[in-house]
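Subject: The structure we talked about

Hi there,

Here is the structure I promised to hand over, with my notes below it. Have a look at it first, then read on.

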Amino acid sequence: MSIELQRRGILCIVSGPSGSGKTTLCRALSQADPLCDYAVSCTTRQPRSGEEDGKDYHFLDRDDFEERTTRGEFLEWAEVHGNLYGTLKSAVLSRISRGQDVLMDIDVQGARLVRKNPDPAIAEAIVDIFILPPSREELKRRLSGRGTEDSDQLALRMTNALEEMRHWRDYGYTIVSGSHEADLHRFRAIVEGERCRTRRLHGDDGLVEEHPDLFA
Ligand code: 5GP
């Protein structure tokens, strides 16, 4: 009989400026790895073409969003680029307690709020990663390359990107973005390493008694 250890889930916070590729990375990992769920956020922003309600975001009107903040439904929420964004507690808490890993693609304000959460189960679950663009030119190229924003929105996102990048040292891990494959490789390596942390493992009651040959 081989050893089976249970594990608490990881709450993986991924931040970085628009255009750093963090959303693509989170999506790619959640598709490739059945143990990782992407926490779909709520937002008051208008859907971009191709975005689906419930898959990319839960698109809410401002009144609905504000009512949910009053009811305490959000683990965190913040105003970003003039719109409200938030993660529902229901998208996170029960999953990590079941041992499922959750990926949150959120801004630096939201990350700060999650770190400040008084629940020890959340504090223990957090793994925070910042994705830095390789250069200012590449950031600009990626931001304008999406073609989804008008010039005012782009200017706002560039200003916010530079502001957001000042907080990279608040994160436990930093990935300087290169190719998608290289970024994904590092991202997976961080998650795999964190899964092996002894403090995340439980189910050791009776382990020595059950496997006397191994622990002899
Ligand atoms: P976008 O409008 O480009 O999809 O996202 C804009 C920014 O909002 C990104 O930096 C993204 O990480 C952030 N964001 C998305 N969902 C959430 C959320 O639930 N909470 C917070 N605080 N930020 C979010």
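This is a predicted model: local features need pLDDT of at least 70, side-chain atom pairs count only at pLDDT 80 or more; totals for chains, interfaces and linings use all residues.

Ser 97 is part of helix α3, which spans residues 93–97 (helices are DSSP runs of H or I of at least four residues, strands are runs of E of at least two, and both are numbered from the N terminus). Ser 97 counts as exposed because its relative accessibility is 60%. The terms here are buried for under 20% relative accessible area, exposed for over 50%, and partly exposed in between, with a 1.4 Å probe and protein chains only.

Residues are numbered from 1 along each chain as its sequence is written, and side-chain values use heavy atoms, with hydrogens and water left out.

Now the overall build. The chain's secondary structure comes to 10 helices and 11 strands. Its radius of gyration is 19 Å, close to the 17 Å that the globule rule gives for 216 residues, so the chain is as compact as a globular protein of that length. That radius is taken over C-alpha atoms, and the rule is 2.2 Å times the number of residues to the power 0.38. Along the principal axes, the C-alpha atoms fill a box of roughly 70 × 40 × 30 Å. Of the 216 residues, 45% count as buried.

Which atoms lie 3.3 Å from an oxygen atom of the ligand? One is a polar side-chain atom of Lys 22, and another is a polar backbone atom of Gly 86. Arg 48 places a polar side-chain atom 2.9 Å from a ligand oxygen. A polar contact is a pair of N or O atoms within 3.5 Å; within protein, one must be able to donate a hydrogen and the other to accept it, and residues adjacent in sequence count only if both atoms are side-chain atoms. Taken alone, the ligand exposes 510 Å², and the protein buries 95% of that (areas are from the Shrake-Rupley method with a 1.4 Å probe, and for residues only the protein chains shown count as cover).

The loop between β6 and β7 holds His 81. This residue has a positive phi of about 50 degrees although it is not a glycine, and His 81 counts as buried because its relative accessibility is 12%. Lys 89 sits in the loop between β7 and α3 and counts as partly exposed, at 35% relative accessibility.

Elsewhere, Arg 142 lies in helix α6 (residues 136–145) and is buried, with a relative accessible area of 19%. The side chain of Arg 142 reaches the backbone oxygen of Gly 19 at 3.3 Å. Those two residues are 123 residues apart in sequence, yet 5.2 Å apart from C-alpha to C-alpha. Ser 20 is in the loop between β2 (11–15) and α1 (22–32), buried at 1% relative accessibility, and its side chain reaches the backbone oxygen of Pro 17 at 2.8 Å.

Last, the cysteines. How many disulfides are there? The count comes to 0, where a disulfide is a pair of cysteine sulfur atoms within 2.5 Å. The sulfur of Cys 26 has its closest cysteine sulfur in Cys 12, 6.8 Å away, which is too far for a bond. Cys 26 is buried, at 0% relative accessibility. Cys 196 is in no disulfide either, as the nearest cysteine sulfur, that of Cys 36, is 13 Å away. Cys 196 counts as exposed, at 60% relative accessibility.

Best wishes
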